[in-house]
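Subject: Structure handover

Hello,

Here is the structure I promised to pass on. Please open it beside this email and follow along.

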Amino acid sequence: MTAPSGFSAPADAPASAAPPFVEIVEVGPRDGLQNDPTLIDTGVKLEFIARLIDAGVRRLEAASFVNPKLVPAMADGDAVMAGVPRDRGVTYIGLALNERGLRRAIDAGCDEVNFVMVASEGFGKANQNATPEETADLLERIAVLAHDANIPLSATISVAFGDPFDGEVDPARVAALARRAAAAGVMEIALGDTIGVASPWDVRATVAAVQAAAPGPRLRLHFHNTRNTALANVYAAVEAGVRVIDASAGGIGGCPFAPRATGNVATEDVVYMLQRGGIGTGIDLERMIETARWLETVALRHPIASMVARAGGFPSSRR
Ligand code: MG
């Protein structure tokens, strides 16, 4: 087919091939439920996890092992881990903020532990009463324990794109923390837009700074859709070479520092976008949409923030 005269393809048409696969880490059972106003019991959490696995999820954050008095929604982490299927090839991640949490996660049977560092003082003090440097010191101690226990360790650098108290976060500071995490031996570093303030251009700048400072560990990006930029940020991350993305079914979750805010970027929204770009995730879009609708109507019984769960996937031909 010839182009109409006077029309030609742009000279700078993209030459880079799309990546064939992006791994989704489903964080609904932890980040989603931890910040949801509805408290659900262990059995419903296990049904949620079973539905996620049926939809194709193979790596998921199952629980956090933090102070149950401060985070009652995660008090049953041990029971959740005792009930998850172990014969489906799923990797379960437990979140920890300190040595005690790491030991609890290991004892509960988690396959990986994710430790949370902070990129800025204000959030660090409010969330875990530690400075960024103190969280890096703690990571170094935890990495020794994780290594001795032969358990893979990742580190999330939270508020990597902005802090609810201090405002701007310098990419150089995030990069310096990533360098320390890499030196401690983590296998993966996640950059968390904890309060959902990042733009795609911030993502490009901070990812580039971290890639230069810490080229060893895999990079994972964690976005919240607080200001409707999460999906654009996923795109920017993938364009920057990131191949692991956190997402939560139905976009559930929230932010303790923005009470009316929406949650994590919705898994089905991410899967839809990537699928239309020819990028595999291993996740069945229709089943993920069903799971999101189940959350809305059965498990949580309140509206969810996902767009694709509402609209459905790409229309198939009915002729
Ligand atoms: Mg989060």
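Start with helix H9. Its buried residues are Ala230, Asn233, Val234, Ala236, Ala237 and Val238. Keep in mind that this is a predicted model.

What do the buried residues of H9 pack against? The partners are strand S6 (188-193), helix H8 (200-213), strand S7 (218-223), strand S8 (244-247) and H10. After H9 comes Gly241, which has a positive phi near 105°.

**H9 and H10**

H9 covers residues 230-239, and H10 covers residues 267-276. Their axes lie 10 Å apart, at an angle of about 50°. The two helices are therefore oblique to each other. Their crossing is right-handed. On the H9 side, Leu231, Val234, Tyr235 and Val238 make the contact.

**H4 and H6**

H6 spans residues 132-148, and its axis comes within 10 Å of the axis of H4. At what angle do the axes of H4 and H6 cross? The angle is roughly 25°. H4 and H6 are therefore roughly parallel to each other, since angles under 35 degrees count as such. This crossing is right-handed. H4 brings Glu99, Leu102 and Arg103 to the contact. H6 answers with Leu138, Arg141, Ile142, Leu145 and Ala146.

**Salt bridges**

Side chains of opposite charge can pair when their charged atoms come close. How many salt bridges does the count come to? It comes to 19. Three of them are worth a look.

Take Arg30 and Glu61. Their closest N and O atoms are 2.8 Å apart. Arg30 sits in helix H1 (residues 28-34) and Glu61 in strand S2 (residues 59-64), so this pair ties together parts 31 residues apart in sequence. Are Arg30 and Glu61 buried or exposed? Both are buried.

Next come Glu47 and Arg51. Their salt bridge has an N to O distance of 3.1 Å. Both residues lie in helix H2 (residues 42-54). They are four residues apart, about one turn of the helix. An α-helix has 3.6 residues a turn, so residues three or four places apart point the same way. Glu47 is partly exposed, at 35% relative accessible area. Arg51 counts as partly exposed too, at 27%.

Then there is Asp78 with Arg104. The closest N and O atoms of this salt bridge are 4.0 Å apart. Asp78 belongs to helix H3 (residues 77-83) and Arg104 to helix H4 (residues 99-107), so the pair ties together parts 26 residues apart in sequence. Asp78 is partly exposed, with 37% relative accessibility. Arg104 has a relative accessible area of 19%. Arg104 therefore counts as buried, because the cut-off is under 20%.

Some salt bridges share partners. Such bridges join Glu23, Arg59, Glu112, Glu188, Arg218, Arg220 and Asp246 into one network.

**Around Leu95**

Leu95 is in strand S3 (residues 91-96). Its relative accessibility is 6%, and Leu95 counts as buried. Which residues is Leu95 in contact with, leaving aside its neighbours within four places in sequence? They are Arg30, Glu61, Ala63, Ser64, Phe65, Val66, Asn114 and Val116. Two of these, Arg30 and Glu61, are the buried salt-bridge pair from above. Leu95 and Phe115 are 20 residues apart along the chain, and their C-alpha atoms are separated by 6.0 Å.

**The magnesium ion**

Which protein residues are the donors of the magnesium ion? They are Asp31 through OD, His222 through NE2 and His224 through NE2. These donors lie 1.8 to 2.2 Å from the ion. Along the chain they follow the spacing D-x190-H-x1-H. Both histidines are buried: His222 has a relative accessible area of 8%, and His224 has 2%.

Best wishes

Terms used:
Residues numbered from 1 in each chain as written. Predicted model: local features only at pLDDT ≥ 70, side-chain atom pairs only at ≥ 80, totals over all residues. Heavy atoms only, no water. Salt bridge = Lys/Arg side-chain N within 4 Å of Asp/Glu carboxyl O. Buried < 20%, exposed > 50% of the residue type's maximum accessible area, 1.4 Å probe, protein only. Contact = heavy atoms within 4.5 Å. Donors = N, O, S within 2.8 Å, 3.2 Å for Na, K, Ca; no water. Axes fitted to C-alpha atoms, helices over the stretch in contact; angles between N-to-C directions. Parallel < 35°, antiparallel > 145°, perpendicular 65-115°, else oblique. Left-handed = near helix turned anticlockwise from the far one by under 90°.
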